[in-house]
Amino acid sequence: MGTIATQSTAAEESASPHVSEVIRSAERELMELLQKRGEIMRRIGTVRQLLSGLVSLFGESAVDAQLLAAMDRGVSGRQSGFTRACRIVLMESSRPLRTREATEELQRRFPELVGRHKDLAASVTTVFHRLTRYSEARYFLDAHGVRVWEWIRDSESTEVPRPDQEEGRGDQREN
């Protein structure tokens, strides 16, 4: 047991003020980069929504295949991802979605993906929570007390309530 105490003391001594400052500096940089990533993802979502509306209005022939692939609408060489599909459903929705509405939209638009999930609603909720942590989406309660999810538009505030700070979280239903 004396060896463990000696190792612990040695570790504490090696954590000099210089090491601590390097750690704090790296932590600050990480936080700044994560914030920038959230801002960039919101901006990408806004531009994708704009382009999606224009493609819907003028047709896919108005843009080239490379742009369609960048918008996640064209045929891509890689396998479609579930998170990408959830992003698209949320980004292209004109209103906040309940989990059930999002699953129905996924089933309609991405039937090849939904079959891979044993509990589709749980998978969608997990991805939406992750998008909230990335500051790409947010959730709140609708008029009926049901959680709804929406994409954060570029022009909106970056203040997103953290799920662990939300009041009454245990009493919420997701449909």
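Predicted model: local features only at pLDDT ≥ 70, side-chain atom pairs only at ≥ 80, totals over all residues.
Me: Which residues touch the most other members of the largest nonpolar core?
Reply: Phe 82, Cys 86, Leu 90, Leu 106, Phe 110, Val 124 and Phe 128 do. The core has 22 residues.

Me: Which elements give two or more residues to this core?
Reply: Helices 4, 5, 6 and 7, plus strands 2 and 3. Helix 4 gives the largest share, seven residues.

Me: What is Val 124 in contact with, leaving aside neighbours within four places in sequence?
Reply: Phe 82, Cys 86, Thr 99, Ala 102, Thr 103 and Leu 106.

Me: Now the helices. At what angle do the axes of helix 4 and helix 5 cross?
Reply: Roughly 110°, and the axes come within 10 Å. The two helices are therefore roughly perpendicular, since 65 to 115 degrees counts as such. The crossing is right-handed.

Me: Which residues make that contact of helix 4 and helix 5?
Reply: Helix 4 uses Phe 82, Ala 85, Cys 86, Ile 88 and Val 89. Helix 5 uses Ala 102, Glu 105, Leu 106 and Arg 109. That divides into seven nonpolar, no polar and two charged.

Me: And helix 4 with helix 7, what angle there?
Reply: Roughly 75°, with the axes within 10 Å. That makes helix 4 roughly perpendicular to helix 7.

Me: Which residues are in that contact of helix 4 and helix 7?
Reply: From helix 4, Phe 82, Thr 83, Cys 86, Arg 87 and Leu 90. From helix 7, Leu 120, Ser 123, Val 124, Val 127, Phe 128, Arg 130 and Leu 131. Eight are nonpolar, two polar and two charged.

Conventions
Residues numbered from 1 in each chain as written. Heavy atoms only, no water. Core = buried A, V, L, I, M, F, W, Y, C linked by side-chain atoms within 4.5 Å. Buried < 20%, exposed > 50% of the residue type's maximum accessible area, 1.4 Å probe, protein only. Helix = DSSP H or I, 4+ residues; strand = E, 2+ residues; numbered from the N terminus. Contact = heavy atoms within 4.5 Å. Axes fitted to C-alpha atoms, helices over the stretch in contact; angles between N-to-C directions. Parallel < 35°, antiparallel > 145°, perpendicular 65-115°, else oblique. Left-handed = near helix turned anticlockwise from the far one by under 90°. Nonpolar A, V, L, I, M, F, W, Y, C, P; charged D, E, K, R; others polar.
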